[in-house]
Structure formats: C-alpha cells, structure tokens
Amino acid sequence: MTTSTSTEPLDVLVVGAGYAGLYQLDKLRKLGHKVHVYESADGLGGVWYWNCYPGARTDSLGPMYQFGAEELWRDWNFSELYPTWSEVRDYFHYMDEKLGLSKDISFSTEVKAAKFDEDRRRWSVEVLDKSTGETRTVLTRHLVLCTGFGSKPYTPDFPGLDTFEGEAYHTARWPQDREVSLAGRRIGVIGNGASGVQVMQESAKVAEHVTLFQRTPMFALPMRQKPMSDDENARDKHTYAERMSGRLNHFGGLDFDFIPRSALDDSDEERRATYERLWAEGGFKPWLGTYNDMFFNPETNKTFYEFWREKTRARIDKPELWELLAPTEPPHPWGVKRPSLEQNYYDLFNQDNVGIVDLRSNAIESITPKGVRTADGVEHELDLLVFATGFDAVSGGITAIDICNAKGESFADTWKHGVHTALGAATTGFPNLMFVYGPQSPSAFCNGPTAAEAQGQWVVEFIDHLQKNNLTRVEATPEAEQRWQEQIDEIAAPALFSEAKSWYMGANIPGKKVQLLMYPGGLPAYLANVNESAANGYPEFALA
C-alpha cells in the first residue's frame, strides 16, 4: 500500500454521493467554492447504489422522489408510480449529465479517518482508493458528512454464521456484478422491514419455498403501484411546481400533510370514511396524511390499528396466521415503527410455498451448514439466506469513520452514550464538521430528496457565509446542544415512539443508547429553527 498527500487544500470535502452529497457539491461549486466528493461505492446514488436486491424500490412517489428544480424534473419521467432501484440509479445518471457532477467525485474511494489540525484550522482526511490500494491524505477547511441513514448494514451475530454452505447476503450488500437466482430455490428471509417485504414478494413468485423468520409483524400499507405512461407523466408535470414548493411546508417533506384535527373529533362513520379514503389512495397517506394525533393519542392510534387489522386479515386465508401477521393486540402502537409499502405481501402467506417462523416463541438457535436451526430443534434447510436486518441507522455511517479532534478525542466516543447535536447539524468539540440528513435532523422522518435540499441549503449558505467572511473556525456550543435536546425531548415526550423497539430509537443495535434519533417536530418546524439561526448570525456556533 502506498500513501501520498494532496497539497492543494479543499474548501469543502463531502463524504457520500447520494442526494445530500450531490446537493452540497452542486450548490457549493456554483458559489465558487472548491469542493470534492468521496464515495466508497463505484457509482452514484448512495443507498440506491447499494440497494439492488430483488424488488428494491422507493416507497415515496416517484414525482416527489427527486429534486425540486424544474431544470431537473421537466425532462425526467419515471415509468412507475414507485420506481425501482434501477430507475432511481438512472435518475442519478441523468442528474450527472445535467449538472456535470462526476468530474468532482472520486468513486470507489473510502474515507477512513479524519483529524483536525487546530493550528491550520483544517481537517486532514485519509482516503483509501479501493481500486489501487493507495491511501492519500486530503486537506480541507470544512468536512461535510452525507453518509445517510442506511450506510452501515447490521447483521446479528448468529452462532455458526460463517458455516453456511449456501449463498448469504445482506440486502444492502447484494452482489452488483451478477444476478442471484431465486427460481426453484429454498430461501430464508430474516427480518421484515421494507427490504424483507420486497424480497419476500419477489421470492414467492419463483422459489421452491421461502421462509420468513419474523420477530415483529410488519404493519405494511398498500402501495397502489401502477405504470406511468408518458401522457400521464406529462399531465402530472403541470402540478409539480406547486407540489415541489409546498412540500417544504409539510411534516414529512411530501406533497400532503396530516389532517389538522383529532380522529376522535369525527363520528365513527366520518372516521371510517376518512380511513377508507386514505386506504384507497395508499402509499404513505394513511401514515403521514392521517389525523394529527395518531402518534400521540393511544385511543386514536387504536382506531386505525383496528381498521388496518380488519383490512389485512381479510387477505389472509389461514386464520392460524392472523396472530402472527395482524395480531389482535399490537406489539407496539401503529406507525411508530416505520411502515413498509406492499403490493401483495399478505397474500403470499396463502401460498403453499411460503412459510413463517415466529422468532418471539421460536428463536434462531444457530446458522448451520445447511440452513437455520430454531429453538424447537428444527433445521430449516436453505440454499439462499437473506439478511433483511437493517442498519446501524442514522448515526452509524458517521461513527464508522475514525474522526478525531485536535485533542485526540474520537467522534465515535463522544456519541457512545448517545448522539448530541446543535440543530441536527454539528457536534461540540468537532470544529468545521457538519452533517446533512444525520442525527437530530428530520432525516428519516422526511422524504430524502426534500431533506437533502431543505437542510442542505441552510448548510450551503452557512459555509458560504463563513468563507466570504474569512471565518476559518466554527464549532457548535454546548449550550446550543442542550437547547436542541430539550426541544426534541419536549416534542417527543407525549409521543408514542418510545413504545416500540425500532431503529428510529436505535433499539435494534446492541449497546446503542435508546433515544429518538430524528428531530420529531417535522420539516417546517426544523426549517423555522435553522432559518432563525441564520437570521441571527448563527448564535448556536462559536465563529472565529
């Protein structure tokens, strides 16, 4: 392995070439700053480079799952209402052609470490070119981390995992260079978040047998998928400008919002009619377009869960599976774990080639050379094992990098007992370092492209302000972190999110502090905070 040092420092080094990183690159470059992006994957897309497993697709509407600039959406069409991973990749390549992004991106280059030099007020960043094995050091004034919420996959440490003789893949590390056949195979899927649901739907079409190993039932919603013709896209484009601008005013950064009243303000008939309408529209409408007390009032929450359970059980022909897939009493309030969108997920369990193992009563004992052994002594023989076991979400991509300040203090250590930030963008003790779509920002509570633009624009303007005013050091203050935490706690205290062991709370990772990882006030409230900060000269930060 050889090493070298880049002599000409950057103004901004960005980590990650997903939506957030590309927005930073495009906007900062247009303002005249010297910017470069480092991306560990071989191509654009962030999570949409890695997510190429069978059935992978967005669960935001295609029209909303893109940037808001007309120069980008005017000539781009998705062929389905909810596009596949390959079409999202195509969209990134289209953006690249429009904006000339790749010339300032180093692909297949992993950011391994960063250390702050207090004397020079710069970050010294170690990057590894994975294609050559060369390590080099890059100097930058500002380090902006755009690692996303799903860049560090998590696979539980099952005994015997390395003994399995078949093929085994995490959905977020599916082979890029070849097709993995599902046809005629015995497939096991561990986990049933979005990727588990999608893999199950594809596997059940062609597999000899597919077994879902389920810990907690997924409360999925109907996707209402459909193809989009050129004519339909053209008609839809007339609404884009208004919908794109309006999404900044909606909690989840989408083109709809909560109903501004309690479910209990309506009669039983009115409430049922509302739920039926939302159900027919599908997508995330029943989740983020429902009554505004759904995640605060247990009685309201119960009314929708009972509606969901009725709709779901009607599709499952085997009553003995009702308690596993749509239980009488939910294990947690509805919607406080992220729902997935499904096309025929619940119908699969009517097929003879689909089975389910309840891990709550029959845990995985070990992975064997032939498959999965459960606590009842049964060995489930498999040819292909799929880990749909999620991520060290939101913070994991940041702490995976060996980041140290001038005192030698590790970023991972400072978050060891819980994340702490100012405005969901920076952490005390680590100057000239910001993150977009990270902890305590709207991140996973918000449509990805919208969050990348909305929070990203504030970061761009902040860095531009620093550069133009020759301010070479910026650091979040402890007081600002405390105020931000207090605001998050105040909003979250009456909510129901803490009643579920979800990745929203970091509860899926052993040893990780259980805390709400996202800002729970919604995108408009978040933007009000950061815009107030900008208007008042960024008082949350010490500038020098």
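Biologist: Happy to look at this with you! Which residue lies over the face of Trp-50?
Modeller: Keep in mind that this is a predicted model. A charge counts as sitting over a ring if CZ of Arg is within 6 Å of the ring centre and within 35 degrees of the ring normal. At 4.1 Å from the centre of the Trp-50 ring, the residue over its face is Arg-173.

Biologist: And which ring has the charged end of Lys-285 over it?
Modeller: Here the charge comes from a lysine, Lys-285. Its charged end is 5.2 Å from the ring centre, and the ring belongs to Phe-256.

Biologist: Let's turn to ring pairs. How many aromatic pairs does a search of the whole structure find?
Modeller: Rings of Phe, Tyr and Trp pair if their centres lie within 6.5 Å. Searching the whole structure on that basis gives 51.

Biologist: Is the pair of Trp-76 and Tyr-94 stacked, edge-to-face or tilted?
Modeller: The ring centres of Trp-76 and Tyr-94 are 5.0 Å apart. Planes under 30 degrees apart would be stacked and over 60 edge-to-face. The planes of this pair are at 35°, so the pair is tilted.

Biologist: How many residues apart are Trp-76 and Tyr-94?
Modeller: Trp-76 is in the loop between α3 and α4, while Tyr-94 is in helix α4 itself. The pair thus links distant parts of the chain, with a separation of 18 residues.

Biologist: Is Trp-76 buried or exposed?
Modeller: Buried means under 20% relative accessible area. Trp-76 has 13%, so Trp-76 is buried.

Biologist: What kind of pair do Tyr-275 and Tyr-291 form?
Modeller: Tyr-275 is in helix α8 and Tyr-291 in the loop between α9 and α10, 16 residues apart. Both Tyr-275 and Tyr-291 are buried. Their centres are 5.8 Å apart with 80° between the planes, and the pair is edge-to-face.

Biologist: Is Leu-423 buried or exposed?
Modeller: The cut-off for buried is under 20% relative accessible area. Leu-423 has 4% relative accessibility, so Leu-423 counts as buried.

Biologist: One last one: where does Arg-224 lie?
Modeller: Arg-224 also has a positive phi, near 60°. With a relative accessible area of 37%, Arg-224 is partly exposed. Its place is the loop between β11 and α6.

Terms used:
Residues are numbered from 1 along each chain as its sequence is written. This is a predicted model: local features need pLDDT of at least 70, side-chain atom pairs count only at pLDDT 80 or more; totals for chains, interfaces and linings use all residues. Side-chain values use heavy atoms; hydrogens and water are left out. Rings of Phe, Tyr and Trp (its six-membered ring) pair if their centres lie within 6.5 Å; planes under 30 degrees apart count as stacked, over 60 as edge-to-face and the rest as tilted. Helices (H or I, at least four residues) and strands (E, at least two) are DSSP runs, numbered from the N terminus. Buried means under 20% relative accessible area, exposed over 50%, partly exposed in between (1.4 Å probe, protein chains only).
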